[in-house]
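Please keep the sequence and the model in view while reading.

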Amino acid sequence: MEIIFDNVSADFQIGPIRSPLVLHSVHLKIKTGTFTAVVGHTGAGKSSLLKAMNGLLIPKEGKVLVGKKIIDSRRNKKDIKVIRQKVGMVFQFPESQLFAETVEKDICFGPVNFGVPEKLAKEIARNVIKMVGLDNDILFKSPFSLSGGQKRRVAIAGVLAMEPDILILDEPGAGLDPQGKKDILTLLKNWNQDRGMTIVLVTHDMNDVALYADDVIIMEKGRVAAHTETRTLFSNNELLNQYSLDVPDVRRLQMKIEKEIGLTFPHVCLSVEDLAEALIEGGVV
Ligand SMILES: Nc1ncnc2c1ncn2[C@@H]1O[C@H](COP(=O)(O)OP(=O)(O)OP(=O)(O)O)[C@@H](O)[C@H]1O
């Protein structure tokens, strides 16, 4: 299922007052089965872009299409309901929204609310808890007795229980230790590669962009400044400088090797394995 933004401008309604535009004339196509990172400075509109993907932010002008369903200023409730189910949103620190006595109840809440019978919801809970790499017995524990990383996984399992086709996540690694963050991002990458799940995530970490994302969207002042393949971005110094974006550590190392020993690589390396292979092929080691 793809996501299309057709000339979307949006603002927030705060009581009777409307905020300035937070999205300006956004045109975008996120293809089915891709893993896309959204980057940009603070306040650039990354979270707003995500919210517009699942109907939490309604366009003032233009429309968002998710498959055949439309979100526009007419606010078609039926379409928005389907989109909210198809596009699972994982907020920043999603574990802060865990509330039930047990993990099982927490995970079943969404599906039951959408009319799924309780028995089936419990079966779904067993499936999704496995998908996030946790054991079944955790289902009967209090979510509040879990570690930070376990809570994050349970919260993501709660979103997966709605059986979304697309998963959008606002900094899913925030606040986790490096291993916990790596585990979560690896899970996402596996779902993307093995199940074809479309993933869109906001991150500030260019190492993660290099390792996990196929495509990158650069947001600036509510606009899509660029939408490009990851390798293309990291080979385009002009674009990186223009939006003051860092390069991943492995790319920095590659650039140093290029400069110091005058080696020309056939492509931009995005992982340590990638760089090692290129060095072996180039006869350097
Ligand atoms: N609920 C809201 N009501 C009014 N304005 C908002 C709301 N949420 C965000 N904004 C405004 O929209 C703009 C974009 O914010 P957004 O959260 O999308 O940026 P961001 O790129 O995700 O930033 P960060 O990296 O700091 O999370 C900002 O100017 C912000 O003040």
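The axes of helix α3 (residues 103–113) and helix α4 (residues 118–131) come within 9 Å and cross at roughly 120°. Axes here are lines fitted to C-alpha atoms, for helices over the stretch in contact, and angles run from 0 to 180 degrees between N-to-C directions. Helices (H or I, at least four residues) and strands (E, at least two) are DSSP runs, numbered from the N terminus. The model is predicted, so local features need pLDDT of at least 70 and side-chain atom pairs count only at pLDDT 80 or more, while totals for chains, interfaces and linings use all residues. Residue numbers start from 1 along each chain as its sequence is written.

α3 and α4 are therefore oblique to each other; angles under 35 degrees count as roughly parallel, over 145 as roughly antiparallel, 65 to 115 as roughly perpendicular and the rest as oblique. Their crossing is right-handed. A crossing is left-handed if the near helix is turned anticlockwise from the far one by less than a right angle, and right-handed if clockwise. On the α3 side the contact holds E104, I107, C108, P111 and V112, which meet E118, A121, K122, I124, A125 and V128 in α4. Two residues are in contact if their C-beta atoms, placed from the backbone, lie within 7 Å. By class, the contact of α3 with α4 has 8 nonpolar, no polar and 3 charged residues. In this scheme Ala, Val, Leu, Ile, Met, Phe, Trp, Tyr, Cys and Pro count as nonpolar, Asp, Glu, Lys and Arg as charged, and the others, Gly among them, as polar.

α3 also packs against α5, with axes that come within 7 Å and cross at roughly 30°. That makes α3 roughly parallel to α5. The crossing of α3 and α5 is right-handed. V103, D106, I107 and G110 in α3 meet V154, A157 and G158 in α5. The residues of this contact divide into 4 nonpolar, 2 polar and 1 charged.

Two strands pair if DSSP finds at least two bridges between them. Strand β11 (residues 215–220) pairs with β12 in the antiparallel sense over 6 bridges, and I217 stands opposite H227 in β12.

Another open sheet has 4 strands in the order β4-β1-β6-β7, with antiparallel pairing. Its edge strands, β4 (23–30) and β7 (69–71), each pair on one side only. The twist averages 20° from one strand to the next. Helix α1 packs on this sheet, touching β1 (3–10), β4 and β6, and its direction makes about 120° with that of β1. Helix α2 (residues 77–86) lies across β6 and β7 and runs at about 105° to β7.

Strand β1 is joined to β4 by 5 bridges and to β6 by 5 bridges; both pairs run antiparallel. Strand β6 (residues 61–66) pairs with β7 over 3 bridges, also in the antiparallel sense. β6 and β7 form a hairpin with 2 residues between them, and G67 in the turn has a positive phi of about 60°. Bridge partners in this sheet include the following.

| Residue | Bridge partner |
|---|---|
| A10 | L23 in β4 |
| S9 | E61 in β6 |
| I3 | V66 in β6 |
| L65 | I70 in β7 |
| V64 | I71 in β7 |

In a regular strand the side chains alternate between the two faces of the sheet.

Which residues are around the ligand? They are F12, I14, S19, V22, G40, T42, G43, A44, G45, K46, S47 and S48. A residue belongs here if its C-beta atom, placed from the backbone, lies within 6 Å of the molecule. Helix α1 (residues 46–53) provides the largest share of this shell, 3 residues. By class, the shell divides into 4 nonpolar, 7 polar and 1 charged.
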